[in-house]
Structure formats: structure tokens, C-alpha cells
Amino acid sequence: MFRRSASFAIAGLAMLGTTSQTAAGGRAVECYEPVHTPDVYDTVYEDVMVSPPGQQVDYTPPIYGTRERVVMTVPAQVTYEVVPAVTRTVYHTVRVDGGGYSWEWRVIHGRRVLCKIWHKARYERVAETVVIQPERTRRVVIPAQYDQIAEEVLVRPERRRIIDVPASYLTVARRVVVREGSSGWRRVHIPRHCQD
């Protein structure tokens with residue numbers, strides 16, 4: 001504030017000097033010229049957070065595979081069945097009539113007479129069924145039935161892992177004012193021959 005007031009005072013004096021010299025035809029005693037000092041800048045590097053820290057879940061899905069195995073589908077069973085008898089047909093000659101004497105009425109020379117008749121024995125061939133092996137009950141074992149099936153099995157379970165993610169930063173450059181510029185007046189040296 002003091003500098004700015006002083007600058008205005010000097011400017012006023014310079015203007016008065018110029019006016020009086022011009023108006024009165026006098027010589028210059030002191031001269032000043034305006035001076036401007038620009039702002040001084042510098043480059044400052046600073047880290048700026050791009051993303052804050054956090055957590056990330058690393059997930060690995062489970063892995064499944066196929067495994068084949070043999071399983072019993074029908075258990076073993078025991079049943080019983082009847083085995084019929086084994087037979088064979090055998091033929092025999094048997095006497096069906098023993099023969100001998102019998103009395104019969106006959107007509108001989110026109111007269112009816114009772115005669116004693118001789119009969120021979122009579123034989124016939126007859127069939128007979130002979131059992132070679134009798135009927136029996138047999139125990140039958142039906143073996144179990146097995147099938148091969150494919151089933152899904154877990155090879156590796158899922159995995160979840162929490163990873164801490166640090167904050168990420170980026171270095172950026174920024175221009176800052178180190179010293180602000182100023183405006184003022186600077187005294188000008190006037191050669192002696194120019195003062196007259």
C-alpha cells in the first residue's frame with residue numbers, strides 16, 4: 001500500500017515537472033520511467049491420488065470332473081425250480097389169457113352138441129413207463145447285475161481370496177507463482193547536455 005502511494009506521488013511529481021517545463025520552458029531536474037516486473041513462476045511436482053485404496057476379491061470357480069464307477073443295480077437272488085422226472089418207455093410181453101379149456105355149444109351134423117374146447121395162452125406186448133430219475137427241486141442262484149455309471153465329482157473347490165489394492169498416484173506438474181510481479185517507477189539518468 002505504501003509502495004503504491006509512493007508510486008502515485010512520484011508519478012504526480014513527474015507530471016508536474018513535465019507540465020511546468022513545458023509550460024514554463026524550464027529544464028528537467030529529475031525524470032522517472034514506469035517499470036513493470038512480471039510474475040515469477042516455478043514448476044511444482046506433486047502426487048495426486050488417482051484411485052483410493054480398496055479391496056478386490058479374486059474368485060476361482062470350482063472344477064468338476066467325471067468319474068465312472070460300477071454299482072449293483074439288481075442284487076443276487078435265489079430261486080427254486082422243479083426239475084421233472086426223467087422217464088423211459090419199456091415194452092414187455094405179458095400173458096393176457098392163460099389159455100385152458102372151455103365149454104361151447106356147437107352144431108355138428110345138424111345136431112347141437114356141447115364141446116370141450118382147448119385154448120392156447122395169449123400174449124400181448126405192452127408199454128410201461130419207467131422212472132429213471134425222479135422229480136426233484138433245484139436251487140438256482142441268479143447273480144447280481146452291475147452297471148457302470150458316470151457321476152460328477154468335485155475336483156477342486158472354489159477359491160475366494162481378498163487382495164488389498166493400494167491407492168494409485170500420479171505425479172503431475174503444476175505452475176505456481178513464486179513471486180508476484182510489481183509495477184513502479186525508476187529514476188532515469190539525464191545527461192547534462194540534455195538538461196539545458
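His109 sits in the loop between strand 7 (100-108) and strand 8 (111-119). His109 is not a glycine, yet its phi is positive, at about 50 degrees. His109 counts as exposed, because its relative accessibility is 81% and the cut-off for exposed is over 50%. This is a predicted model.

**The chain as a whole**

The protein chain holds two helices and 14 strands. It has 196 residues, and buried ones make up 6% of them. The chain exposes about 17100 Å². Carbon and sulfur atoms supply 54% of that area.

How far apart in sequence are the residues that touch? Take the contacts between residues at least 6 apart in sequence: 87% of these join residues at least 24 apart.

**How confident is the model?**

The mean pLDDT of the protein chain is 82. A pLDDT of 70 or more is reached by 84% of the residues. Residues 1-24 have a pLDDT below 50. Beyond near neighbours in sequence, this stretch makes 13 contacts in the model.

**The aromatic pair**

Return to the strands on either side of the His109 loop, strand 7 and strand 8. A search of the whole structure finds one aromatic pair. Which residues form it? The partners are Tyr101 and Trp118. Two values describe such a pair: the distance of the centres and the angle of the planes. For Tyr101 and Trp118 these are 4.7 Å and 55 degrees, and the pair is tilted. Tyr101 lies in strand 7 and Trp118 in strand 8, so the pair ties together parts that are 17 residues apart in sequence.

Are these two residues buried or exposed? Tyr101 is exposed, at 56% relative accessibility. Trp118 is exposed too, with a relative accessible area of 53%.

Arg175 belongs to strand 13, which covers residues 168-179. Arg187 belongs to strand 14, which covers residues 182-188.

| Pair | Apart in sequence | C-alpha to C-alpha |
|---|---|---|
| Arg175 and Val44 | 131 residues | 6.1 Å |
| Arg187 and Glu33 | 154 residues | 6.4 Å |

What does Arg175 touch? Leaving aside neighbours within four places in sequence, Arg175 is in contact with Tyr41, Asp42 and Thr43. Arg187, with residues up to four places away not counted, touches Glu30, Cys31 and Tyr32.

Both arginines are exposed. Arg175 has 57% relative accessibility. For Arg187 the value is 53%.

Which residues make the nonpolar surface patch? Val57, Tyr59 and Ile162 do, and the patch covers about 300 Å². Ile162 is part of strand 12, residues 159-165. Ile162 is exposed, because its relative accessible area is 56% and exposed means over 50%.

**Looking back**

The loop between strand 7 and strand 8 carries His109, and the strands themselves carry Tyr101 and Trp118. Strand 13 holds Arg175, which lies 6.1 Å from Val44, C-alpha to C-alpha. Strand 14 holds Arg187, with 6.4 Å between its C-alpha atom and that of Glu33. Strand 12 holds Ile162, one of the residues in the nonpolar patch.

Notes. Residues are numbered from 1 along each chain as its sequence is written. This is a predicted model: local features need pLDDT of at least 70, side-chain atom pairs count only at pLDDT 80 or more; totals for chains, interfaces and linings use all residues. Side-chain values use heavy atoms; hydrogens and water are left out. Helices (H or I, at least four residues) and strands (E, at least two) are DSSP runs, numbered from the N terminus. Buried means under 20% relative accessible area, exposed over 50%, partly exposed in between (1.4 Å probe, protein chains only). Contact means heavy atoms within 4.5 Å. Accessible areas come from the Shrake-Rupley method with a 1.4 Å probe; for residues, only the protein chains shown count as cover. Patches are made of residues with over 30% relative accessible area and no salt bridge: like charges are joined within 9 Å, nonpolar side chains (Val, Leu, Ile, Met, Phe, Trp, Tyr) within 5 Å. A salt bridge is a side-chain nitrogen of Lys or Arg within 4 Å of a carboxyl oxygen of Asp or Glu. pLDDT is the predictor's confidence in each residue, from 0 to 100. Rings of Phe, Tyr and Trp (its six-membered ring) pair if their centres lie within 6.5 Å; planes under 30 degrees apart count as stacked, over 60 as edge-to-face and the rest as tilted.
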